[in-house]
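Morning, everyone. Please look at the model on the screen while I talk. I will go from the whole chain down to single residues.

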Amino acid sequence: MGTGSPRIARHRKIRRALAFLLSLIVIGPAAAQRGAGEPVDLALVLAVDASGSVDQVRFELQKQGYVAAFRHPRVAAAISSGPSQSIAVVMMQWTGPALQVIAVPWTKISDAASANAFADKIAAAPRGLFGGGTSISGAIDTGMALLFDNPYRATRRVIDISGDGSNNRGRLVNQARDEAVRAGVGINGLPILALEPELDRYYEQNVIGGPGAFVIAAKDFSTFGEAILKKLIAEIANRPPGLSAPHASVAAR
């Protein structure tokens with residue numbers, strides 16, 4: 001007992017310290033998100049597929065699509081239509097369950113100049129990942145961490161997932177989706193149908209979630225730019241596209 005008691009006491013102290021750190025990780029960012037920071041209409045995570053099926057040509061087409069979209073005057077107009085006339089955006093690249101990198105950090109966009117500056121940052125960002133599987137669930141989990149630990153106070157929080165394949169690594173994607181939705185986060189999808197022609201149906205059933213969640217599919221990487229422009233405008237203006245739009249569908253979960 002003489003040697004065991006100090007050991008037990010140390011273990012208890014360690015457990016208390018770990019519990020305290022966990023409370024800072026789980027509760028602290030959420031509290032900061034709710035009560036501090038500059039107000040914005042939308043905090044948006046752009047999650048870009050960098051898995052092995054996306055070769056460098058396809059990856060560059062994705063980048064060019066995002067660059068062109070943020071330079072488009074309709075995106076700036078959509079931003080100016082909100083109450084605070086501003087949004088916050090971060091771009092990350094994703095592949096496997098624990099393979100995600102931030103390509104462009106959190107940035108406030110409030111006009112055409114700041115939208116163009118964000119486009120310039122996307123254009124300059126290198127590819128940080130090459131392969132590692134396709135873990136949409138990992139992308140959602142990382143998106144959640146980013147949303148609840150950022151310097152802005154957002155009215156809405158959305159994760160925008162683009163990719164060319166179904167989840168094949170990590171935990172079940174619908175589990176990650178359901179947890180995000182319960183926390184008040186919306187998930188929209190931009191599936192690229194080049195390799196899996198029914199990927200839009202998979203996204204509808206397993207990936208997107210939240211009120212008004214929607215899918216806009218790109219037939220291939222060459223049409224990605226047109227799809228992301230429509231998607232960004234719909235997300236920013238909080239007006240999901242109608243069912244009549246090409247390759248578009250809306251769902252609420």
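First, a term. Buried means under 20% relative accessible area, exposed means over 50%, and partly exposed lies in between, with a 1.4 Å probe and protein chains only. By that rule, 49% of the 253 residues of the protein count as buried.

Where does this come from? This is a predicted model, in which local features need pLDDT of at least 70, side-chain atom pairs count only at pLDDT 80 or more, and totals for chains, interfaces and linings use all residues. Residues are numbered from 1 along each chain as its sequence is written, and side-chain values use heavy atoms, leaving out hydrogens and water.

Now the parts list. The protein has 8 helices and 7 strands. These are DSSP runs, numbered from the N terminus: helices are H or I with at least four residues, strands are E with at least two. Contact means heavy atoms within 4.5 Å. Of the contacts with a separation of 6 or more, 79% join residues 24 or more positions apart.

Next, the cores. A nonpolar core is a set of buried Ala, Val, Leu, Ile, Met, Phe, Trp, Tyr and Cys residues joined through side-chain atoms within 4.5 Å. Which residues have the most contacts inside the largest one? They are Leu-46 and Phe-70, in a core of 41 residues. Elements giving two or more residues to this core include β1 (38-49), α2 (56-71) and α8. The largest share comes from α8, with 9 residues. Leu-46 touches residues including Phe-70, Val-89, Phe-118 and Leu-232, not counting those up to four places away in sequence. Another core lies apart from it, with 33 residues, among them Met-144 and Ile-208.

Let's stay with α8. Helix α8 covers residues 224-237. Is α8 enclosed or open? 11 of its 14 residues are buried, so α8 is largely enclosed by the rest of the structure. Among the buried ones are Phe-224, Lys-231 and Glu-235. After α8 comes Asn-238, with a positive phi, near 60 degrees.

What does α8 pack against? The axes of α3 and α8 come within 8 Å and cross at roughly 10 degrees. Axes are lines fitted to C-alpha atoms, for helices over the stretch in contact, and angles run from 0 to 180 degrees between N-to-C directions. Angles under 35 degrees count as roughly parallel, over 145 as roughly antiparallel, 65 to 115 as roughly perpendicular, and the rest as oblique. So α3 and α8 are roughly parallel to each other. Arg-74, Val-75, Ala-78 and Ile-79 of α3 meet Leu-229, Ile-233, Ile-236 and Ala-237 of α8.

Compare another pair. The axes of α6 (residues 173-182) and α7 (residues 199-206) come within 9 Å and cross at roughly 50 degrees. That makes α6 oblique to α7. Here Val-173, Asn-174 and Arg-177 in α6 meet Tyr-202, Gln-205 and Asn-206 in α7.

Last, one residue. Ala-115 is in helix α4. Ala-115 is buried, with a relative accessible area of 1%. Beyond its neighbours within four places in sequence, Ala-115 is in contact with Phe-70 and Ile-109. Ala-115 and Val-75 are 40 residues apart in sequence, and 8.1 Å apart in space, C-alpha to C-alpha.

Methods. The expected span of a helix is 1.5 Å times one less than its number of residues.
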